Amino acid sequence: MSEPLRVLITGAAGQIGYALAFRIANGELSPGKKVILHLLEITPALGSLEGVVMELTDCAFPTLQGVVATDKVEVAFKDIDVAFLVGSMPRKEGMDRADLLKANGNIFKVQGEALSNYAKPTVKVLVVGNPANTNALIALTTSSKLSAANFTAMTRLDHNRSLAEIASQLKVTADKVKNVIIWGNHSNTQVPDVSNAVVELDGKTVKVTEKIDEAYLKGDFVSKISLRGGAIIKARGLSSAGSAANAAIDHVKTWIHGTKPGEFVSMAIPVPANQPYGIKTGVVFSFPVTVTNGVIKVVEGLPVSEWLQGKLKATEDELQGERSTAFGALGLA
Ligand code: NAX
């Protein structure tokens, strides 16, 4: 029998962690494969985490071989195959962006070191906790034994939101739409771009730009996607959790099982050495990617309009700024 998949969720008693744990325990990442869940929380949340473990037990999932619930990184990160780094510090009153970058940077500095020291060398790391791109960069920078290929950050929720919005505009289900792109940072500067997206309508594949007005695609569509998180907080009183967990599972499933022929998805990855689309190395940037045998590759050579070029520059500049602030505060080179 093959080895069980050891999957870490940090912040496992939080909203997203709670939604993620049950789906992973139920074998969604690799159907049929046994799972050992590693759940990390801060010490004050261990009581709540115990409740999560009780509920997981009560599901009697055939795929769940064990649960490790702890507040110790050396236990949580031991021999893991996949890491969902969700736990982070929310912005508190009076905190500016630099304070937030520093507080979260410290968490990801420790976790980068723990990944390096205790995880499998093949570990797949998905950073969800915000600011996700820069947190992933910090974890990568402090994990001396791992490489850039181990690290990603999540823009799949923005990607899925884009698929759903286009599908709703064209009155089809979301599976009929593909190849939307989220470029850059998981923040308000992200660039939701459908210039290469296609939709299946009445059995024919057509470009989305032939069906939806350009002014909408460059205007209201972009703001709707980038401000969607805020709209959910307003409606629900809490930030996205079910959809965020769903996107995290989609991201890791794609990483494990690959993309379908002719299809790409959005993932934030450390900018490769050949600097695709002129984006400079040193940040974690969301690109259109394909995945084959676990290897993530940027889809290159897509046309870049002047409009897109300007937006790419703005989101790249924001990421470079986050990097300098966080690295300065944490004393990283
Ligand atoms: P919650 O506040 O519900 O849960 C966070 C949990 O993390 C808490 O239980 C807390 O005790 C724990 N935690 C804090 N520091 C920790 C540490 N050092 N080690 C382990 N656990 C720790 O937040 P939730 O709604 O679950 O959101 C989690 C993160 O996801 C936030 O940073 C949020 O901004 C981010 N998001 C990122 C998204 C993305 O697309 N990349 C979308 C959804 C979400 O907003």
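Find Ile-296 first. Ile-296 sits in strand E14, which covers residues 295-298. Keep in mind that this is a predicted model.

Is Ile-296 buried or exposed? The cut-off for buried is 20 or more other C-beta atoms within 10 Å. Ile-296 has 21 C-beta neighbours inside 10 Å, so it counts as buried.

Which residues does Ile-296 touch, once we leave out those up to four places away in sequence? They are Trp-255, Met-267, Ile-269, Val-289 and Val-291. Thr-254 and Ile-296 are 42 residues apart along the chain, and 9.7 Å separates their C-alpha atoms.

Now zoom out to the whole protein chain. We have 11 helices and 14 strands. Along the principal axes, the C-alpha atoms fill a box of roughly 50 × 45 × 40 Å. Buried residues account for 45% of the 333 residues. Now take the contacts with a separation of 6 or more. Of these, 73% join residues 24 or more positions apart.

Next, the domains. There are two assigned here: domain 1 is 5-153, and domain 2 is 156-320. Their centres, taken over C-alpha atoms, are 24 Å apart. How many residues are in contact across the two domains? On the domain 1 side it is 24, and on the domain 2 side it is 22.

Stay on the domain 1 side. The elements giving two or more residues there are H1, strand E4 (82-85), strand E5 (124-127), helix H5 (132-142) and strand E6 (151-153). H5 supplies the largest share, six residues. By class, that side of domain 1 splits into 16 nonpolar, five polar and three charged residues.

Last stop, the ligand. Where does it lie relative to the domains? Domain 1 and domain 2 both give residues to the shell around the ligand, so it lies between them. There are 29 residues around the ligand, and Gly-11, Gly-14, Ile-16, Gly-87 and Ala-244 come nearest. The shell has 15 nonpolar, 13 polar and one charged residues. Helix H1, residues 15-25, gives the most to this shell, with three residues.

Over to you for questions.

Terms used:
Residues are numbered from 1 along each chain as its sequence is written. This is a predicted model: local features need pLDDT of at least 70, side-chain atom pairs count only at pLDDT 80 or more; totals for chains, interfaces and linings use all residues. A residue is near a molecule or strand if its C-beta atom, placed from the backbone, lies within 6 Å of it. Helices (H or I, at least four residues) and strands (E, at least two) are DSSP runs, numbered from the N terminus. Ala, Val, Leu, Ile, Met, Phe, Trp, Tyr, Cys and Pro count as nonpolar, Asp, Glu, Lys and Arg as charged, and the others, Gly among them, as polar. Domain bounds come from an automatic or database domain assignment. A residue is buried if 20 or more other C-beta atoms lie within 10 Å of its own, exposed if 12 or fewer, and partly exposed in between; C-beta atoms are placed from the backbone. Two residues are in contact if their C-beta atoms, placed from the backbone, lie within 7 Å.
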